[in-house]
Amino acid sequence: TPFRGRKLKSSRSVADLEKRMSAAQALVRLSWNWAPLAGLAKGCSDPSSDMATKRLHRCFERFAQSFEAKVLLEAVKTWTELQKWCSQHAITKEAWPVDPMFLEDFLETFRERGRSVPRAKYATLVFLERHVQAPLITAGIHVPAPAAGKKAVRGQATPLQPLMARHVRLA
């Protein structure tokens, strides 16, 4: 019979929590730079006010509790790459929110890294828009096709179908 006792909650290690807090701080501070146009401090004319500071710390805690450090750091990395790409293509902060056509062009630059990389970057952009209120418009983006399953190697035999196996056994 299966164990029916109490299931203990696995506690996060102190190191994991520190990583999460550090990553959350990096992401929230990044978002704070977008004030007052966008981000978690959207509309806040004085991001250093007491109310804004309380919100900042509340955001740190929520992100650290809700998401893995890897997800948060990937969001920071993707935003940094997008900013670099925008500056190379003369897209300024005045053009915010970033147009979907520009984002498609940005995603296309990742095709050479692998078939699934543009889709992963797209998911990160959606995360930024949804959770960090990044100045992006992801609605209407032509989403890159997901990577197909593992392709058969040339010359590799196809798997034997069950009906065919039955005929082989009977022969």
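Helix 5 packs its buried residues against helix 1 (14–32), helix 3 (69–88) and helix 4 (100–108). Contact here means heavy atoms within 4.5 Å. Buried means under 20% relative accessible area, exposed over 50%, and partly exposed in between (1.4 Å probe, protein chains only). Helices (H or I, at least four residues) and strands (E, at least two) are DSSP runs, numbered from the N terminus. The model is predicted: local features need pLDDT of at least 70, side-chain atom pairs count only at pLDDT 80 or more, and totals for chains, interfaces and linings use all residues. Residues are numbered from 1 along each chain as its sequence is written, and side-chain values use heavy atoms, with hydrogens and water left out.

The secondary structure of the chain comes to six helices and zero strands. Buried residues make up 33% of its 171 residues. Among contacts between residues at least 6 apart in sequence, 69% join residues at least 24 apart. The accessible surface of the chain is about 12200 Å², and 56% of this belongs to carbon and sulfur atoms. These areas come from the Shrake-Rupley method with a 1.4 Å probe; for residues, only the protein chains shown count as cover.

Helix 5 spans residues 117–131. Its 15 residues reach 21 Å from first C-alpha to last, close to the 21 Å expected at 1.5 Å a residue. The expected span is 1.5 Å times one less than the number of residues. The buried residues of helix 5 are P118, K121, Y122, T124, L125, V126, F127 and L128. Just after the helix, Q133 takes a positive phi of about 60°.

The largest nonpolar core has 43 residues. Such a core is a set of buried Ala, Val, Leu, Ile, Met, Phe, Trp, Tyr and Cys residues joined through side-chain atoms within 4.5 Å. L27, F63, W79, L82, L128 and L136 have the most contacts inside this core. Helix 1, helix 2 (50–66), helix 3, helix 4 and helix 5 each supply at least two of its residues. Helix 3 gives the most, with eight. Leaving aside residues up to four places away in sequence, W79 touches L30, W34, W96, L128, A134, P135 and L136.

The structure holds four aromatic pairs. Rings of Phe, Tyr and Trp (its six-membered ring) pair if their centres lie within 6.5 Å; planes under 30 degrees apart count as stacked, over 60 as edge-to-face and the rest as tilted. The ring centres of F63 and F67 are 5.9 Å apart with planes at 35°, so this pair is tilted. Both F63 and F67 are buried. The pair of F106 and F110 is edge-to-face, at 5.0 Å centre to centre and 85° between the planes. Ring pairs also link F63, F67 and F127 into a cluster.

Six salt bridges were found in the whole structure. A salt bridge is a side-chain nitrogen of Lys or Arg within 4 Å of a carboxyl oxygen of Asp or Glu. E74 forms one with K121, with the closest N and O atoms 2.9 Å apart. This pair links distant parts of the chain: E74 lies in helix 3 and K121 in helix 5, 47 residues apart. E74 is partly exposed at 27% relative accessible area, whereas K121 is buried at 4%. K121 also meets E81 in a salt bridge (2.8 Å, N to O). Salt bridges that share partners join E74, E81, R113 and K121 into one network.
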